[in-house]
Amino acid sequence: QVQLVESGGGLVQAGGSLRLSCAASGRTFSTYAMGWFRQAPGKEREFVAAISRSGGTTTYADSVKGRFNISRDRAKNTLYLQMNSLKPEDTAVYYCAAATIIATLRQGAWGQGTQVTVSS
């Protein structure tokens, strides 16, 4: 089982940028598809972005397309989420997830989350 630890969250003004990291340990990082989800207070956890095991396929929620970029570094066993042009509605706890394929990320392993707060 893979263990995931997120970092990089914080407080940023609208229009600013943050880069989230998710460090993976345990089973081989490259055997997992990875993704980011977020959950705002009083709302359900929602999909943000995902990347395939090879890194060759990425997919994004419409709400972040063009602003966020997901990537992975096999040498560092780390997943990233570069977030640009942040909006107050991006405020949430961000979680990384790992699974065999992108379609099953919600049923996979989860990190503990990192808080992102965007002020207007």
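Author: Phe37 is in strand E4, where strands (E, at least two residues) and helices (H or I, at least four) are DSSP runs numbered from the N terminus. This is a predicted model, where local features need pLDDT of at least 70, side-chain atom pairs count only at pLDDT 80 or more, and totals for chains, interfaces and linings use all residues. Residues are numbered from 1 along each chain as its sequence is written, and side-chain values use heavy atoms, with hydrogens and water left out.

Is Phe37 buried or exposed? Phe37 is buried, with a relative accessible area of 3%. Buried here means under 20% relative accessible area, exposed means over 50%, and partly exposed is in between (1.4 Å probe, protein chains only).

Setting aside residues up to four places away in sequence, Phe37 touches Arg45, Glu46, Phe47, Val48, Val93, Tyr94, Tyr95, Ala97, Leu105, Arg106 and Trp110; a contact is heavy atoms within 4.5 Å. Leu105 sits 68 residues from Phe37 along the chain, yet their C-alpha atoms are separated by 9.5 Å.

Some of those neighbours are aromatic. Phe37, Phe47, Tyr95 and Trp110 make up one aromatic cluster. Rings of Phe, Tyr and Trp (its six-membered ring) pair if their centres lie within 6.5 Å, with planes under 30 degrees apart called stacked, over 60 edge-to-face, and the rest tilted. That rule gives three aromatic pairs. One of them is Tyr95 with Trp110, edge-to-face at 6.3 Å centre to centre with 85° between the planes. Tyr95 belongs to strand E9 (residues 92-99) and Trp110 to strand E10 (residues 109-110), so this pair ties together parts that are 15 residues apart in sequence. Tyr95 counts as buried at 13% relative accessibility, while Trp110, at 28%, counts as partly exposed.

The test for a charge over a ring is NZ of Lys or CZ of Arg within 6 Å of the ring centre and within 35 degrees of the ring normal. Another case is Arg72, with its charged end over the ring of Phe29 and 4.4 Å from the centre.

Next, the cores. A nonpolar core is a set of buried Ala, Val, Leu, Ile, Met, Phe, Trp, Tyr and Cys residues joined through side-chain atoms within 4.5 Å. The largest one has 30 residues, and Leu4, Met34, Trp36, Leu81, Met83 and Tyr94 touch the most other members. E3, strand E4 (33-39), strand E5 (46-51), strand E7 (68-73), E8, E9 and strand E11 (114-119) each supply at least two residues of this core. Phe37 turns up elsewhere, in a second, separate core of five residues that also includes Ala50, Ala97 and Leu105. Tyr94, for its part, is in contact with Phe37 and, among others, Trp36, Leu81 and Met83, leaving aside neighbours within four places in sequence. As background, nonpolar side chains in soluble globular proteins tend to be buried together.

Five of the six residues in E8 are buried. E8 (residues 78-83) runs antiparallel to E3, with six bridges joining them; strands count as paired if DSSP finds at least two bridges between them. Met83 in E8 is the bridge partner of Leu18, and Tyr80 is the partner of Ser21. Ser21 also stands opposite Ser7, and strand E1 (residues 3-7) pairs with E3 (residues 18-25) in the antiparallel sense over five bridges.

E8 also pairs with E7, antiparallel over six bridges, and there Met83 is the bridge partner of Phe68. E7 and E8 form a hairpin with four residues between them, and Asn77 in the turn has a positive phi of about 50°. Asn77 is partly exposed at 30% relative accessibility.

Last stop, E9 again. By the rule that a disulfide is a pair of cysteine sulfur atoms within 2.5 Å, the count is one. That disulfide joins Cys22 to Cys96, 2.0 Å from S to S. Cys22 lies in strand E3 and Cys96 in strand E9, so the pair ties together parts that are 74 residues apart in sequence. The link is right-handed, with 50° about the S-S bond, and both cysteines are buried.
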